[in-house]
Amino acid sequence: MSRIGKKPINIPAGVTVDVTAHNAVTVKGPKGTLSREVNPDIAVKVEGKEIILERPTESKRHKSLHGLYRSLVNNMVIGVSDGFKKELELVGVGYKATNQGQVLELSLGYSHNIFFALPESISLKTETPKGKNPLVTLEGIDKELVGQIAAKIKSLRKVEPYKGKGVRFVGEIVRRKAGKTAGKK
């Protein structure tokens, strides 16, 4: 039994949810509007201040779709009311991050700087606190898009296990390896 799919989704104040006949769910809130097509097998109902998703059978496919679409609709509701935020830090000597509007400029130890254009729905902030690593903050209402862009930026310089240099999430724990030991027997 899908325990996630059975949970109803609470609709916070200021958020409206519309479901069309073709199972397209549109969520409007103070931060913006999101819409998504839900599989026609899954029934979406808005009852009072709750969204309830139901599946027709107990087949494995319907169970997995039930939990998936419940999570996706819940993320839409959270996104339009609170939004999502990802923070990345650049660990390494000479690593820098600046932005001109929606274009992120990264200096990651390569022979050239990397220019990364972001979509308009994502807000970008870069800062370099004195004595600390540069930070890149991404904010938006679409959890999938924010996470995808953060993963793409992170893939530009993966964290290496010996010195720990690279792009990582703030608070991410990196497993370190011991280097070579000096001296002969």
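**View 1. Lys 45 is partly exposed, with a relative accessible area of 35%, in this predicted model.** Here partly exposed falls between buried (under 20% relative accessible area) and exposed (over 50%), computed with a 1.4 Å probe on protein chains only. The partner of Lys 45 is Glu 54, and the closest N and O atoms of this salt bridge are 2.8 Å apart; a salt bridge is a side-chain nitrogen of Lys or Arg within 4 Å of a carboxyl oxygen of Asp or Glu. Glu 54 is also partly exposed, at 34%. The structure holds five salt bridges. Residues are numbered from 1 along each chain as its sequence is written, and side-chain values use heavy atoms, with hydrogens and water left out. Local features need pLDDT of at least 70 and side-chain atom pairs count only at pLDDT 80 or more, whereas totals for chains, interfaces and linings use all residues.

**View 2. A salt bridge joins the side chains of Asp 41 and Arg 61, with N to O at 3.0 Å.** Asp 41 sits in the loop between strand 4 (32-37) and strand 5 (43-47) and Arg 61 in helix 2 (residues 60-81), so the pair ties together parts that are 20 residues apart in sequence. Helices (H or I, at least four residues) and strands (E, at least two) are DSSP runs, numbered from the N terminus.

**View 3. Glu 172 and Lys 154 form a salt bridge, 3.2 Å from N to O.** The two residues are 18 apart and link distant parts of the chain, with Glu 172 in the segment after strand 13 (166-169) and Lys 154 in helix 3 (residues 143-155). Glu 172 is partly exposed at 28%, and Lys 154 is partly exposed at 21%.

**View 4. Strands 8, 9 and 10 are joined by antiparallel pairing.** Strand 8 (residues 96-100) pairs with strand 9 (residues 103-107) over five bridges; strands count as paired if DSSP finds at least two bridges between them. Asn 99 has Leu 104 of strand 9 as its bridge partner. The hairpin of strand 8 and strand 9 has two residues between the strands, and Gly 101 there takes a positive phi near 65°. Strand 9 is joined to strand 10 (residues 114-117) by four bridges, and Glu 105 has Phe 115 of strand 10 as its bridge partner. In the hairpin of strand 9 and strand 10, six residues lie between the strands and Gly 109 takes a positive phi near 85°.

**View 5. The largest nonpolar core has 20 residues, of which Leu 104, Leu 106, Leu 138 and Ile 153 touch the most other members.** Strand 7 (84-91), strand 9, strand 10, strand 12 (135-140) and helix 3 each supply at least two residues of this core. With four residues, helix 3 gives the most. A nonpolar core is a set of buried Ala, Val, Leu, Ile, Met, Phe, Trp, Tyr and Cys residues joined through side-chain atoms within 4.5 Å. Beyond its neighbours within four places in sequence, Leu 104 has contacts (heavy atoms within 4.5 Å) that include Ala 97, Phe 116, Val 136 and Ile 153. A second, separate core of 19 residues includes Ile 9, Val 27, Ile 51 and Val 73.

**View 6. Helix 2 is followed by Gly 83, which has a positive phi near 90°.** At 1.5 Å a residue, the 22 residues of helix 2 should span 32 Å, and this agrees with the 32 Å between its end C-alpha atoms. The expected span is 1.5 Å times one less than the number of residues.

**View 7. Asn 23 is not a glycine, yet has a positive phi of about 65°.** Most residues other than glycine have a negative phi. Asn 23 is found in the loop between strand 2 (16-19) and strand 3 (24-29). Asn 23 is buried, at 10% relative accessible area.

**View 8. Gly 166, in strand 13, is buried at 0% relative accessible area.** Not counting residues up to four places away in sequence, Gly 166 touches Glu 89, Leu 90, Val 91, Tyr 95, Arg 157, Lys 158 and Val 159. Leu 156 is 10 residues from Gly 166 in sequence, and their C-alpha atoms are 8.6 Å apart.
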